[in-house]
Amino acid sequence: MAGVSELESALQMEPAAFQALYSAEKPKLEDEHLVFFCQMGKRGLQATQLARSLGYTGARNYAGAYREWLEKES
């Protein structure tokens, strides 16, 4: 998916343009499980806040970030 720097424009794209650029269906405003994460947690939180400000009320941040997920997978 997009980095935080391009997230706002990505989430404002028309669904077909989003699909063409990211080879994935654009999330819907009402999606309940839109989870953002990053390496340490800061950018994931920023992305979550941005998505919520654009109306994605189900946006969530995986607070443990990639680092925690990786540790749990081991």
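Reply:
**Charged side chains and their surroundings**

A search of the whole structure finds 1 salt bridge. The term means a side-chain nitrogen of Lys or Arg within 4 Å of a carboxyl oxygen of Asp or Glu. This is a predicted model, in which local features need pLDDT of at least 70 and side-chain atom pairs count only at pLDDT 80 or more, while totals for chains, interfaces and linings use all residues. Residues are numbered from 1 along each chain as its sequence is written, and side-chain values use heavy atoms, with hydrogens and water left out.

The salt bridge joins the side chains of Lys28 and Glu25, with 2.3 Å from N to O. Lys28 is partly exposed because its relative accessibility is 37%, and Glu25 is exposed because its relative accessible area is 56%. The cut-offs are under 20% for buried and over 50% for exposed, with partly exposed in between, using a 1.4 Å probe and protein chains only.

Helices (H or I, at least four residues) and strands (E, at least two) are DSSP runs, numbered from the N terminus. The C-alpha trace spans about 40 × 25 × 20 Å along its principal axes. Of the 74 residues, 28% count as buried.

Lys26 lies in the loop between α2 (15-22) and β1 (34-36). Lys26 is buried yet has no salt bridge, and the nearest side chain of opposite charge, Glu14, is 6.7 Å away. Glu14 sits in the loop between α1 (4-11) and α2 and is exposed, at a relative accessible area of 59%. Glu14 and Lys26 are 12 residues apart along the chain, and 8.3 Å separates their C-alpha atoms.

What lies around the side chain of Lys26, then, are backbone oxygens. The backbone oxygen of Met13 is 2.5 Å from a polar atom of that side chain, and the backbone oxygen of Leu11 is 3.0 Å from a polar atom of the side chain of Lys26. Such a pair is called a polar contact: two N or O atoms within 3.5 Å; within protein, one must be able to donate a hydrogen and the other to accept it, and residues adjacent in sequence count only if both atoms are side-chain atoms. Neighbours within four places in sequence aside, Lys26 is in contact with Ala10, Leu11, Gln12, Met13, Pro15, Phe18 and Tyr56. Contact here means heavy atoms within 4.5 Å.

Tyr56, one of those partners, leads on to the next stretch of chain. Tyr56 is in the loop between α3 (42-53) and β2 (59-61), and counts as buried because its relative accessible area is 3%. Apart from neighbours within four places in sequence, Tyr56 is in contact with Leu11, Lys26, Pro27, Lys28, Leu29, Leu34 and Ala51. That list includes Lys28, a residue of the salt bridge described above. A polar atom of the Tyr56 side chain also lies 3.4 Å from the backbone oxygen of Pro27. Tyr56 and Glu30 are 26 residues apart in sequence, yet their C-alpha atoms are 6.5 Å apart in space. For the chain as a whole, residues 24 or more positions apart account for 49% of the contacts with a separation of 6 or more.

Ser23 is in the loop between α2 and β1, the loop that also holds Lys26. Ser23 is exposed, as its relative accessible area is 62%. The phi of Ser23 is near 55°, a positive value in a residue other than glycine. Most residues other than glycine have a negative phi.

In short, the salt bridge is formed by Lys28 and Glu25, while the buried Lys26 has none and has the backbone oxygens of Leu11 and Met13 beside polar atoms of its side chain.

Technical notes: Lys, Arg positive; Asp, Glu negative; His and termini not counted.
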